[in-house]
Amino acid sequence: MRDSRLPLFAGIVLFWTYRILVMWVFPGPGGPPGTAALLAGTGAAVALGVLQARALAWRGSLGNLTAQAVLAYAPLLVLGGAWRPASPLLMASVLLLAAPARARRPAAASIVAAEFAIRAVWLPGADAGYAAWAAVVTLTGGLQFLALARLGHLVRALEATRAELAARRAAGERLRIARGLRAELGRRLSAAAASADPAEITAAARAALARARSVADDYRDRSLTAEIEAARTVLAASGVPVRVEADAAAPSAPRADAALAGVLRRTVVAALRDGRPDGCVIECRTGPGGPERLRVAFSGPVPPFAEPLAASAAEIAGLGGRLATGPAVEAEIPRARAWAGGPVSAAPWLAFAVLLVLELDHLGTVAASVVMARDAGVTVDPARLAVAAVALPLVAALQLYHVLPRGEARPRRWALPAQIVLVLAAFAVAGPLVPADYGGLPATYGGLVAGVVLLNVRPPWSWAAAAALLLMPFPLLYGARPPAVVLLSLLASAGFMISVHALGRLPVAAARLDRARRELVRTSVLRERLRIARDVHDLLGSQLSAIIIRGAIAAGPADGARLAELAGAALATVRSIGADPAPLRLAAEVESARDLLDAAGARVGVTVAEPPAEIAALFAVVLRESVTNVVRHARARRCEIAITPARLRVSNDGAPRPGTGPAGTGLANLRSRAAEAGGALTVVHADGRFTLTVEMPAGPSDPARLGGDADGVDPVAGAQLGHR
C-alpha cells in the first residue's frame, strides 16, 4: 500500500516545490509581493500540500475540502498574480471525495471556470490568454492527480478484498457440493432411516458408501495440471504411450479446473479398467482467448465413455459447456469473464485517458505557441514546423501505446527506441521553431518520455537514460538560460516523468494483484473441496461402514431399529454439510466405539480423562475413523482406547501385516487433521498389535481449526460434520 501511494506523494511534493519557487523567483505582473506575503504564501502552500496528500491518499472529509478551498484562493488577496493556479489538487480532491457523487463533476467544472474568471477579470493585469492557460493547467493537473490517487486506491482495494472474495468463493463451493451430496445420498439414507429391514438398510448403506467414496475421490485437492501429470504416470505404468499437448496456464475458474480434472481422471480410469488402449493423446487448451478445452483420444480398443462420464457431463453442462463422448472425449467450457466493471478493468483505461489529456495539452501548447508567435510577427520556419507536425503526434501516439491496456504484456521492443529518436529529433530540429518567450517546444516532453524509460528499462540504465532525457532539452531548446528557469523546467519535467511512470506501472500492478486474487480464490476453493472430501471419507464413510458392519451380524428387529438409527445419524451428517453444525461429542463417540467393537466381537478397554473441548472435537473424529478401521480391516479380539487431555491412543491385536490390505486415505486424512491442529499422529505395528497415537501440544489456541483460517476463509464443515 505504501508503494501505491509513493507516486502521488512525489507528485504533490514536486507540484508545490515548483509553485513555491515560481512565487519567489517570478512573481508575475504587479511587482514582487513583500517578504511577509511570500512567507505566508509558502506556509499556505505547505499546508495545502499536507491536506491534499491526506485527502487523496487516505480519503478526506468535508472539513478537509473546505480548508483546501480557503487555502487555494485566500492567498490571491495578498499575493495576486504571484499565486499561481493552486486548484488542480483541489479539483482532484473534489472529483474523488465530494458528496453527493453526482455533484462532483459540476463542482470540478466550477473550479476550472473560477480559475479562468479570477485571472481574466478579477486580478490586476488580467489577460484572457493567461487565464485560459490557468484553466487548462487546472483541468489537466486535476485529472493527473485524480488518476494517481484513484489508481492507488484501486490497488489497495484489491488487496483489501482478496480475503473476502476467497471466502465467498469457498463458501459458494461448499454450498454447491452440499446440495449435490444431499441430492445424491439423501434419498438413499432417508429410505434406510425409515426402514426396519436390516438387509434393506445395509444395501442402502452400501450404495451410499460407494457414492460417498466416489464423491470423496472427486473432491480431492486435484487441479487439471496435477491430473495431467497423474494420467501421464498411470498410463506410462500401464504400458500405454501418452503424448500431452497442454498450455501452461490453468483454467481461469476453479470450478472449470475441477470439472476438466474430473473428466480426465474418469476417462483414464474407465479406459484402463474396461479396455486395452494402444496409446493416448491428451490435448488441453486453457490459455487466453476462446473457451477452455480438453480432449482425450485413445487408440486401440476402449470402452464407451458415456456412462462413466455421466456425472462429468452434468457438471460441465451446469457450467454452460458441453461434453462429447465419441471416439475421443472432448470437453469444452466457456471462459469465465474477467472481473467486469471492477477495479482492474477501470484502472488501465483511466491511466490511458489521463495520459491522453496530457498529450493533448502538450500538443495544444505547441500549437498555441506557433499561433502567438505568428500574431507577433515572428517568422516560423515551414521545414521545422513540418518536423514538429510529424514527430510530436507520433511521440504522443507511442506514449499512449505504452499505457494501452494490455494486462501484464509488455509493448514491442521497437516502440521505446522509436519514441526516443522522435523526441530528440523534435528537440534538435523543431526546437528553435518558436522563441522561448512565446512558449516554444515544451521541455517537459523529455519528462514524458523519461517516464516510459523508467517503465521499460532496468536500473541503473533507466536512471541514466531518464536523467539524460530530462537534461538534454535545455541546451537544444533554450541555450544559456538563468539557473532558476532551468530548475523550474527540470521540476516540471520530473513531475511529468513521475506521472507517466505511475500511469503505466499501476495498471500492471493492479493486473498482478488481480492474478494473485484469482489464484487465492482458486486455492481456497480447492482447499474447500479437499476438506469436504476428507470429511465425507472420515465421518460419513465411517458411519456408513458401521451400518454395513452391523448389518452383516444383524439378527432381529432390535438390530433393525439400531441400524435405522445409525442411518438417521448418517442422514443428519449429509444434511449438515454446508450448514453450521455442532462439533462431534467425544463422549458419544466413545460409547459408539464401544458398541461397534462389542458388536464385532472384540473386548473393549476404555480409559478417559476428558480433554479440552477443542481437543475433544479432534479426538472424536480420529476415534471414529480408527474404530471403523479396526472393525473393517482387523480381526481384533481386544481393543484398548486411552484418552488423556493431550493424547489419544487406540490399540488392537488383530491388525493385518503391513502391505497386505488395500491402501486408503483414512490415515492420511487423520495425519492432516492432527497437523492442522498443531499435533502429530503416529502409528506403530509391532508384535501383532497396531497402535495409533495422536499427541497434542499443551494449550493450543484453536487445535481443531474450527474458528476459521488465517486467510479469511470461513469455517467449513471440517471436523464438525456428522454430529449426533
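View 1. Searching the whole structure, a predicted model, turns up 6 aromatic pairs. To count, rings of Phe, Tyr and Trp (its six-membered ring) need centres within 6.5 Å; planes under 30 degrees apart are called stacked, those over 60 edge-to-face, and the rest tilted. Two values describe such a pair: the distance of the centres and the angle of the planes. For F15 and F145, the centres are 5.8 Å apart and the planes sit at 85°, so this one is edge-to-face. F15 belongs to helix 1 and F145 to helix 7, so the pair ties together parts that are 130 residues apart in sequence. Helices here are DSSP runs of H or I with at least four residues, strands are E runs of at least two, and numbering starts at the N terminus.

**View 2. Y401 and W414, a stacked pair.** Here the rings of Y401 and W414 are 6.2 Å apart centre to centre, with 10° between the planes, and the pair is stacked. Y401 is in helix 13 (residues 382-402), while W414 is in the loop between helix 13 and helix 14 (415-430), 13 residues apart. Y401 comes out partly exposed because its relative accessible area is 22%; W414, at 51%, is exposed.

**View 3. The largest nonpolar core.** A nonpolar core is a set of buried Ala, Val, Leu, Ile, Met, Phe, Trp, Tyr and Cys residues joined through side-chain atoms within 4.5 Å. The largest one holds 42 residues, and L8, W16, L56, W83 and F145 have the most contacts inside it. Among the elements giving two or more residues to this core are helix 1, helix 2 (35-58) and helix 7 (128-193). Helix 2 supplies the largest share, 9 residues. Leaving out residues up to four places away in sequence, F145 touches L8, G11, I12, F15, L56, L89 and A92; a contact is heavy atoms within 4.5 Å. A second, separate core has 37 residues, including V354, A391, L392 and V395.

**View 4. W24 and T42.** W24 sits in helix 1 (residues 2-25), and T42 in helix 2. W24 is partly exposed because its relative accessibility is 37%, whereas T42 is buried at 19%. Not counting residues up to four places away in sequence, T42 touches I20, M23 and W24.

**View 5. Zooming out.** The protein has 22 helices and 10 strands, and 48% of its 724 residues are buried.

**Notes.** Residues are numbered from 1 along each chain as its sequence is written, and side-chain values use heavy atoms, without hydrogens or water. In this predicted model, local features need pLDDT of at least 70 and side-chain atom pairs count only at pLDDT 80 or more, while totals for chains, interfaces and linings use all residues.

Technical notes
Buried means under 20% relative accessible area, exposed over 50%, partly exposed in between (1.4 Å probe, protein chains only).
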